[in-house]
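I opened this model to look up its overall layout first and then a handful of single residues. My entries follow in the order in which I made them.

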Amino acid sequence: MNFSDLLTDPPALPVCSVIPDIAETEGNVVIAAPPGSGKTTIVPAIFADLLPGSKVIVVQPRRVAARAAAKRIASLLGEPVGDRIGFRVRGQSMAGRSIEMVTPGVMLRMIQSDPELSGVGCVIVDEIHERDLETDLVTAFVLDIQESLRPDLRLVAMSATVALEQTAALLGGCVVNVPGEIHPVDIHDIPGPQPLSHTRSGAIVVANDFIEHVAQVVFRARRECSGSILVFVPGVREISAVSSRLSGMDIPVMALHGQLGSREQDCVLEYRGDRVIVATALAESSLTVPGVRVVVDSGLARESRVDSGVGGLVTVFASQASMIQRAGRAGREAPGVAYRCIPLIRAEKYALPEIRTADLTDAVLQCSAWGAPRMSGLRLLDPPHPGHLDFACSELRSLGLMNDDGAVTPLGRRASTFPLGAREARALIDGCDYVGVSRGTDICAFLSADMRIDNADLPATIRRGRNSDIEREARRLRKLIADAGVNVSRETGTWALDDAVGIVVGLAHPQWIARARGQGYVLANGRGAVLPENSPLVGEEWLAIADLGHTQGRSDAMIYAAAPIDVETAVMVAEHLITETVEIVDGGEIRGVNIRRLGEIELSRTDVTLSPTQLVEVRKAAVRRRGITGLPWTDATSQVRQRIAFLHAACGEPWPDVSDAALDATLDDWLLPFVTAHGIDLPAALNALKPWETGHLFDELAPERIATPLGTSRLDYSSGKPRANMRIQEAFGWEKTPEICGIRVTLELLSPARRPLAITDDLESFWAGPYHGVRADMRGRYPKHPWPEDPAHAQATRRTKKRDAER
């Protein structure tokens, strides 16, 4: 059967009603179709028929969906997979001449190796609403290819719940809506207890009561409905918990998730007969699970979150888009029923895109290799998270995969071609030089596998043996290494397995090399982490960590996979993180300590004798670190600074601004020349601040003391204006307030017992008015002291009336 025959007499699917509409489109297209409408099966056939001689590439977000879709189309054509219809996923490939289903990671590497996509006439991005990071990049790269190399290349985006306006605007194409659903689905909301709870350690997990509720809804669905039941839960832990509560079910209970091998996944899909399938979001879209008539949706999902390179899957409420997709699984083959354990109204419309939440390291490497450093210039649905972008660039520079300007290095370009993450690819390339190709590829195959490591002990898991998927991945990596020019026959034979694993893991994640601290570990990046309670690795002084994630509600990360490593090996593989600094210990006497660190992990510290030059540099560094407030201010130096500040306010230039902000900003200019091995000559530094042309007038312009009727009085400039205090009798004979640089001196006039009586900067007005009130109050309290009626013309004195008379 050819494609035109299939489209002339298609299966009874809703999408078939718009075959002519899709066939008549030109350029880019956005197809919005409800779950089960047949878009994944029929749309590729439409474009294969429109573009004979060219290949149609369909990008599927998941491996199991890619394989299943290829089998479905091939079966409709009456042929096996591997003829006209094929698929390419990690570790498996059955090429197709006309249509190929590929995962986003495979598609990215196809584009990097052949930027023109030679022989490809159309790229279809399925389930674009899921917004995984690699799918966003594929879409952006294909748009780049259209613009600069292949204007004839067609791009089609498909989803059941796509944000039409945003996607159509990005693609610059038309929208085709597929009406109706293949079969109706009856929705039942059965809300249960609070879904999330806290453990004693503070971690946020799915509550046991809620898991029990999900299981009870499954039992109810079995009583009320016929057919297989598809149960959606957020992760593998919940799959196990729900499955264990379904032990009394009268039909088989099967698990379906990404950590299963391809053969195990296919067994679940190909099973004939009713069963309960407890699955993650793996079964949410682009995948028809035969026999399913019922969906039980927990309403929960896992989303990627990352903080300074430490990622984690966070349990959240599923989006409305996901819940609609999940319910649609029940109506793929016949009318169905969906039970929701959390109402749809509680959910956000769409999940946050991974480009805003996930680790961007791998994506930034791909973009740099593509010629878009820092993801710049790409047509993306959403911009990357700025903080995550900065971290990714820093990480790639540290690994030697990217230059300071964002351009990919030769090592980075080589790493970008491997079907691994950036860190694992770098470990594969460099690790073979240490542990040999055979052992290096075996270890990297484990690192790239999405599998659970018992008690975080990676070497023990590797020793227990490899499944067929890991064996196939190791062989593939060996071939890629050979193709890259590495001698595959070379073996070092000098490293034990545990040591070899530590080396390769340390090369992949040097920032995650860790040293024991208290009950946990401190990482080279400064973060804290803990091992599972029963891990055999507890007690190891040093670890190379391969998998690390945040646990919701806890500050320390959880170590999921690690290997022991000794300090010498850690230093060898993370040499670029080694620093030696001389730090000052200032406990009255300055001494130097040489501290050697691996990132933030202290390796050693030794006392050192500081040379005069080092002492100067240490003191200068301390001055820069502490700023103005850390200087050895005395009353004398503070007063000089206050007087300069007064002249700056009163006279302006050339007298300098000596505020904290101004002095902090110019430390290198005014202070550091006066830092010596013996200390800081702050008086000299302040003296140098005085302008050369008027500095000799400093004591005249801002005197320390002011002349009074009886001598002099010290001036205080701390308020910004000159101020003097004296007994009121000492000011007799002063007719007007004295001035300094045109600024009146503020006088604080005191009683004979030196208690405040008045503050004034207008002595003439004070004598004429308020003084008489003060005189009336004070004459009775201090009768022995003079209180003349005309103080402006009276004799100043420090004595009582009697002693004045005796003179």
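**Domains.** I note at the start that domain bounds here come from an automatic or database domain assignment. With those bounds, I find the protein chain divided into domain 1 (3-177), domain 2 (185-353), domain 3 (359-415), domain 4 (422-577), domain 5 (619-689) and domain 6 (705-781). I looked up one separation, and the C-alpha centres of domain 4 and domain 5 lie 53 Å apart.

**Ground rules.** I keep in mind that this is a predicted model, in which local features need pLDDT of at least 70 and side-chain atom pairs count only at pLDDT 80 or more, while totals for chains, interfaces and linings use all residues. Residues are numbered from 1 along each chain as its sequence is written, and side-chain values use heavy atoms, with hydrogens and water left out.

**Whole chain.** I count 30 helices and 35 strands in the protein chain, where helices (H or I, at least four residues) and strands (E, at least two) are DSSP runs numbered from the N terminus. The protein chain is more spread out than a compact globule, because its radius of gyration is 39 Å, well over the 28 Å that the globule rule gives for 807 residues; this radius is taken over C-alpha atoms, and the rule is 2.2 Å times the number of residues to the power 0.38. Along the principal axes, the C-alpha atoms fill a box of roughly 135 × 65 × 60 Å. I also noted that buried residues make up 54% of the 807 residues, buried meaning under 20% relative accessible area, exposed over 50%, and partly exposed in between (1.4 Å probe, protein chains only).

**Leu-401.** I located Leu-401 in the loop between α14 (386-398) and α15 (410-416), and at 0% relative accessibility it counts as buried. Its C-alpha is 3.9 Å from that of Gly-412, a residue eleven places away in sequence. Setting aside neighbours within four places in sequence, I list among the contacts of Leu-401 the residues Leu-365, Val-408, Ala-422 and Arg-426, contact meaning heavy atoms within 4.5 Å.

**Val-156.** I found Val-156 in strand β7 (residues 154-159), buried at 0% relative accessibility. Although Val-30 is 126 residues away along the chain, the C-alpha atoms of Val-156 and Val-30 are separated by 5.8 Å. Beyond four places in sequence, Val-156 is in contact with Val-29, Ile-31, Phe-47, Cys-122, Val-123, Ile-124 and Val-125.

**Thr-708.** I placed Thr-708 in strand β29 (residues 705-708), where it counts as buried at 15% relative accessibility. Not counting residues up to four places away in sequence, Thr-708 touches Ser-713, Met-726 and Trp-734.

**Backbone checks.** Which peptide bond did I note as cis? The bond from Glu-653 to Pro-654 is cis, with omega near 10 degrees, and Pro-654 is found in the loop between α23 (635-651) and α24 (660-665). I then noted that Glu-127, although not a glycine, has a positive phi of about 55 degrees; Glu-127 is in the loop between β6 (120-125) and α6 (133-148) and is buried at 1% relative accessibility. I recorded a positive phi for Ala-456 too, near 65 degrees in a residue other than glycine. Ala-456 lies in the loop between α17 (437-448) and α18 (458-463), and it is buried, with a relative accessible area of 1%.
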